[in-house]
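Welcome! Please take a moment to look over the sequence and the 3D structure below before reading on.

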Amino acid sequence: MTTHQTAAPSASAEAEADLADLEQSPQIDVAALGELLLGTWADVRRQARELAARPELHKLEGLTYTEHRERVLGQLKYLVDHRAIQRAFPKELGGEDNHGGNIAGFEELVTADPSLQIKSGVQWGLFGAAVLHLGTAEHHAKWLPDIMDLTVPGAFAMTEIGHGSDVASIGTTATYDPETGEFVLNTPFRAAWKEYLGNAAKDGIAAVVFAQLITRGVNHGVHAFYVPIRDPQTKECLPGVSSEDDGIKGGLNGIDNGRLAFDHVRIPRTNLLNRYGDVAEDGTYTSPIATPGRRFFTMLGTLVQGRVSLDGAAVAASKVGLTAAIRYAAERRQFNASSDTAEEVLLDYQRHQRRLFPLLAATYAMSFAHEELLAKFDGVFSGAQDTDEDRQDLETLAAALKPLSTWHALTTLQECREACGGAGFMIENRFASLRADLDIYVTFEGDNNVLLQLVAKRLLNDYAKEFRAMNVGALAKFALGQARGVALKTGLGAVAQFVADSGRAQRSALALRDPDTQRLLLAERVQTMVAQAAQALAGATKLPQAEAAARFNAHQNELIEAARAHGELLQWEAFTEALEKIEDPGTKQVLTWLRDLFGLSLIEAHLEWYLMNGRLSMQRGRTVGEYINRLLARLRPHALDLVDAFGYTQDHLRATVASGVEARRQEEAAAYFAALRASGEAPAKEKDLKK
């Protein structure tokens with residue numbers, strides 16, 4: 001049961017009346033809530049956390065970037081020695097075929113050192129996974145054992161300095177020579193250099209290189225090739241391979257990022273990872289997928305696990321930051337507000353609650369949404385649910401959630417840093433270091449805005465399909481169809497009118513905390529934004545290319561905002577579904593308040609839209625903020641339990657502000673002044689003498 005019950009600040013009589021039907025003084029079953037948060041792969045997460053708590057894997061601040069690189073490479077070997085990397089690989093090669101568990105364990109490494117998490121992701125989640133998912137059994141037997149045991153560190157050479165998100169337009173070519181049975185890999189210009197590649201500057205022995213496959217004078221689009229890049233003994237680049245070091249970065253300096261180029265490098269025909277496209281000895285190209293576009297997206301879709309793992313790692317980092325900041329805020333005292341002798345605890349200030357509690361609510365929502373994403377990922381990659389529709393849904397879900405969680409992590413870590421004052425800026429408390437390391441998460445494995453554009457296009461396509469038959473109910477269902485098929489049962493207009501025109505704030509608060517109202521308000525925003533964009537873009541496909549592109553560009557921002565709103569709706573739905581799994585009434589009550597805080601914080605953040613589009617009146621729009629403030633007061637006594645349920649120990653946090661040292665300082669200070677007052681020797685205050 002709860003271990004942190006403290007008195008909440010008193011609320012107004014009106015607020016108490018508004019909330020009189022809610023349970024009084026509920027308690028959280030922290031252990032049960034922690035188990036829920038661990039999710040389907042709880043045992044794997046516990047194993048990964050035990051490993052991440054070991055000092056051998058921790059980031060040492062103050063190392064030079066060359067020292068940090070050497071340490072992280074050694075840590076990769078530590079992971080191999082402790083069998084922490086084999087989960088996703090085939091059983092016949094010593095793996096476990098446990099795809100969801102692999103990601104769950106991998107993302108927990110962010111608490112040890114984000115550089116370790118990402119470098120291991122490059123080795124086994126990108127380089128190794130490309131061989132696994134794009135290659136055949138022959139490739140697996142030939143290359144995976146050395147990849148798994150780190151005999152061959154490797155790079156994932158997709159991004160080019162001239163093309164980041166636009167992979168289809170990369171410049172590197174792989175031209176087949178039938179006379180020798182080889183592909184000739186070439187970098188034709190500087191913009192085609194492969195860039196920002198982990199393991200490319202120093203450690204990589206081989207790389208999976210993405211290039212335009214050309215045979216018999218036909219370009220068949222982007223394919224992947226296994227390419228040796230360094231001599232395993234001397235570590236010198238092989239003939240025709242050029243490498244440059246990216247040097248010091250804004251974060252993740254334990255990874256040797258660099259760039260690669262190829263000057264007519266020849267590789268055997270069989271080095272083509274040919275699961276989705278092959279070239280015969282005579283140069284004939286064949287593929288089980290007929291169209292180049294679908295083939296391209298199928299190949300890239302097999303590598304979606306990078307986005308899935310970044311979503312989970314960002315959530316984990318947010319949990320670490322909030323745990324440290326909220327523990328500190330529950331101990332740190334500042335200013336005499338309600339007493340002449342005792343200073344106020346920071347967490348009792350409404351503004352401090354406003355800064356941290358909505359972020360806490362969003363982190364819970366993102367944690368539950370990530371668990372659903374992970375289950376979807378495991379279903380596809382295990383083969384249990386592996387239809388084209390399942391893969392498209394996985395791609396869309398990952399593209400919707402990864403941007404929101406990675407942006408959220410940066411916002412959360414920055415706010416937690418500021419909420420801890422000067423102490424938060426000290427490296428020993430990790431906020432600044434974690435934020436620097438996670439900064440790149442928003443632009444790699446897909447720039448967040450580009451990913452949301454992919455989501456928007458999916459929403460537009462679904463909208464078009466629904467309305468092709470002129471189904472009048474489609475507008476009320478298409479967005480929620482993405483959120484597990486929940487359809488609108490009552491018109492939003494009626495609900496919004498009630499919220500707008502009911503006579504008392506109390507009734508408005510009752511409506512706002514109703515989950516159907518929150519769902520309808522969030523869904524209506526998605527639906528309306530997509531419908532408006534679809535109407536604006538109607539007929540664009542029939543225009544000349546330049547005119548069609550211009551019209552789409554004119555509405556690009558609206559589409560991305562609609563996709564973001566869609567992701568927020570998915571997170572709210574995931575939180576709401578998680579509530580159904582909670583049996584303990586006290587825990588369920590507190591988590592319901594937290595879900596309401598998440599939903600209403602979204603509505604408040606987009607209040608301008610709801611007002612401009614007539615969904616809420618100006619008067620009742622004010623009710624949103626008022627009710628949020630009441631929720632903050634309700635959640636205050638449970639804040640420590642809510643972060644304790646995340647399950648991270650001081651070995652994971654490694655933040656001095658979360659160690660209890662502040663509480664000891666405050667106790668010492670309070671005892672000193674109490675003794676001074678009791679002695680009768682305390683100096684008089686000047687202001688008291690003038691009374």
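Here is a short briefing, grouped by topic.

This is a predicted model, in which local features need pLDDT of at least 70 and side-chain atom pairs count only at pLDDT 80 or more, while totals for chains, interfaces and linings use all residues. Residues are numbered from 1 along each chain as its sequence is written, and side-chain values use heavy atoms, with hydrogens and water left out.

**The whole chain**

- The chain has 27 helices and 11 strands; helices (H or I, at least four residues) and strands (E, at least two) are DSSP runs, numbered from the N terminus.
- For 691 residues, a compact globule would have a radius of gyration near 26 Å, and the 28 Å of this chain agrees with that. The radius of gyration is taken over C-alpha atoms, and the globule rule is 2.2 Å times the number of residues to the power 0.38.
- Along the principal axes, the C-alpha atoms fill a box of roughly 100 × 65 × 45 Å.
- Of the 691 residues, 56% are buried. Buried means under 20% relative accessible area, exposed means over 50%, and partly exposed is in between (1.4 Å probe, protein chains only).
- Take the contacts (heavy atoms within 4.5 Å) between residues at least 6 apart in sequence: 75% of them join residues at least 24 apart.

**Surface and charge**

- The accessible surface of the chain comes to about 28800 Å², and 52% of it belongs to carbon and sulfur atoms. Such areas come from the Shrake-Rupley method with a 1.4 Å probe; for residues, only the protein chains shown count as cover.
- The chain has 72 positive and 90 negative charges, and their mean positions are 3 Å apart. Lys and Arg count as positive and Asp and Glu as negative, while His and the chain ends are not counted. Each charge is placed at NZ of Lys, CZ of Arg, CG of Asp or CD of Glu.

**An enclosed helix: H5**

- Helix H5 (residues 99-107) has 9 of its 9 residues buried, so it is largely enclosed by the rest of the structure.
- Among these buried residues are His 99, Asn 102, Phe 106 and Glu 107.
- The cover over H5 includes helix H3 (42-52), helix H6 (114-134), helix H9 (305-329) and helix H10 (350-382).

**Cysteines**

- How many disulfides does the structure hold? The number is 0, where a disulfide is a pair of cysteine sulfur atoms within 2.5 Å.
- Cys 416 is in no disulfide, and the nearest cysteine sulfur, which belongs to Cys 420, is 6.8 Å away.
- Cys 416 is buried, at 0% relative accessible area, whereas Cys 237 is partly exposed at 31%.

- Gly 301 lies in helix H8 (residues 292-301) and is buried, with 10% relative accessibility. Leu 394 is 93 residues away from Gly 301 in sequence, yet their C-alpha atoms are 8.8 Å apart in space. Leaving out residues up to four places away in sequence, Gly 301 touches Phe 381, Arg 391 and Glu 395.
- Gln 453 belongs to helix H14 (residues 448-468) and counts as buried at 18% relative accessibility. Not counting residues up to four places away in sequence, Gln 453 touches Phe 552, Gln 556 and Ile 560.
- Is Glu 686 buried or exposed? Glu 686, found in helix H27 (residues 686-689), is exposed, with a relative accessible area of 54%. Glu 686 and Pro 544 are 142 residues apart in sequence and 81 Å apart in space, C-alpha to C-alpha.
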